[in-house]
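This report concerns the sheet, selected helices and the aromatic contacts of one protein model. Please view the sequence and the structure together.

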Amino acid sequence: MDRRVVVICGPTASGKTALGVALAKALDGEVVSADSMQVYRGMDIGTAKPTVEEMDGVPHHMLDVADPAEDFSVARYVDLAAPIVEDILARGKRPLIVGGTGLYIDNLLAGRSFPPFSGKIRQELTDRVRTEGLDKLYAELGRVDPGRQKELSPNDEKRIVRALEIFYETDKPMSVWSAESQGQPPRFEAVRIGLNFQARVDLWARIDARVDQMLEQGLADEAGRLLESGVPPTATAMQAIGYKELAAALLGHEPLETAADMVKLRTRQYAKRQLSWFRRYDETFWIRWEKEPNFSHALGISTAFLKECGL
């Protein structure tokens with residue numbers, strides 16, 4: 001069975017959703033979202049989640065699969081998304097992995113195994129950070145998993161806690177889990193299409209315009225509804241760009257205008273990190289827009305490229 005999937009990646013606001021739908025129609029495919037925040041229910045505006053109209057009849061998977069109050073992870077994403085991709089392939093259709101979360105895409109393609117997780121000692125470790133200090137847990141990680149400790153900043157509380165959690169729950173260091181997983185053959189073969197702009201200033205302008213549109217559509221109200229429903233400001237979902245800043249404004253920590261400017265700045269910073277991640281793959285077929293996306297042209301050159309790849 002042909003196990004190739006099409007990956008459409010790139011920075012935020014680069015047009016991935018629209019091209020994904022167009023290519024899915026051309027390839028008789030289905031879209032599997034690879035966006036770490038579109039997995040959450042009730043977070044539609046700030047994540048630019050595709051509407052029913054934008055989906056245009058193309059099945060979309062991995063949207064609205066988690067509650068905003070829960071701590072969703074890459075391991076959970078792979079557990080849910082991999083069987084979906086397998087099912088699409090088994091039905092003779094083409095999976096299109098569309099999104100900007102490179103970590104999710106890479107782990108889904110690689111088929112890496114993840115250590116079991118119960119969450120039993122996470123709160124205990126988090127409490128220890130508050131009472132003993134993060135530096136002490138960082139030193140502890142150096143004793144039980146020096147390989148992982150070297151990969152982390154001493155200030156990366158989330159990953160330090162996670163690495164210790166894995167060790168104490170499985171009696172195996174996270175570095176060993178990672179090494180074993182990297183020895184596995186990839187689960188899916190990817191044909192990659194990347195989207196970007198020829199001039200960075202045009203991407204920045206598109207990001208700023210998108211943030212303005214989100215605010216007009218009611219992003220502040222959406223963030224407020226999440227807080228009112230009991231989602232704590234510290235939840236993973238509320239750390240998403242847009243929600244974190246608007247929540248701070250709603251809680252009186254900063255003016256709304258300041259929050260809006262911070263959303264634009266942090267989105268641009270995030271776009272830079274996304275581009276750094278995706279540029280690591282030399283085999284990516286890049287489409288670089290001039291000023292604005294031209295989807296009819298992109299569809300033509302994309303289908304020609306995929307035909308050359310035998311798709």
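The model is predicted. Its open sheet contains six strands, ordered S3-S2-S4-S1-S5-S6 and paired in parallel. Strands S3 (60-61) and S6 (285-289) are at the edges, and because each has a single partner strand, one side of each lacks a neighbour in the sheet. Strand S5 (residues 189-197) runs parallel to S6 and is joined to it by five bridges; Phe197 stands opposite Trp289 in S6. Helix H1 (residues 16-27) lies across S1, S2, S3, S4, S5 and S6, at about 175 degrees to S4.

Helix H8 (residues 157-170) has 14 residues, which should span 20 Å at 1.5 Å a residue; its end C-alpha atoms are 20 Å apart, in agreement. Buried residues of H8 include Ile160, Leu164 and Phe167. Just after H8, Asp171 adopts a positive phi of about 60 degrees.

| Pair | Centre to centre | Angle between planes | Arrangement |
|---|---|---|---|
| Phe167 and Tyr168 | 5.2 Å | 70 degrees | edge-to-face |
| Phe285 and Phe305 | 4.4 Å | 10 degrees | stacked |

Phe285 belongs to strand S6 and Phe305 to helix H14 (residues 295-308), so their pair ties together parts 20 residues apart in sequence. Phe285 is partly exposed, at 24% relative accessible area, whereas Phe305 counts as buried at 14%. Phe167 counts as buried at 18% relative accessibility, and Tyr168 as partly exposed at 38%.

Charged groups also lie over rings. The charged end of Arg192 is positioned over the ring of Tyr281, 3.8 Å from its centre. Arg280 lies over the face of Trp277, 4.2 Å from the ring centre.

Methods. Residues numbered from 1 in each chain as written. Predicted model: local features only at pLDDT ≥ 70, side-chain atom pairs only at ≥ 80, totals over all residues. Heavy atoms only, no water. Pairing = 2+ DSSP bridges. Helix = DSSP H or I, 4+ residues; strand = E, 2+ residues; numbered from the N terminus. Contact = heavy atoms within 4.5 Å. Axes fitted to C-alpha atoms, helices over the stretch in contact; angles between N-to-C directions. Expected span 1.5 Å × (residues − 1). Buried < 20%, exposed > 50% of the residue type's maximum accessible area, 1.4 Å probe, protein only. Phe/Tyr/Trp six-rings, centres within 6.5 Å; stacked < 30°, edge-to-face > 60°. Lys NZ or Arg CZ within 6 Å of the ring centre and 35° of its normal.
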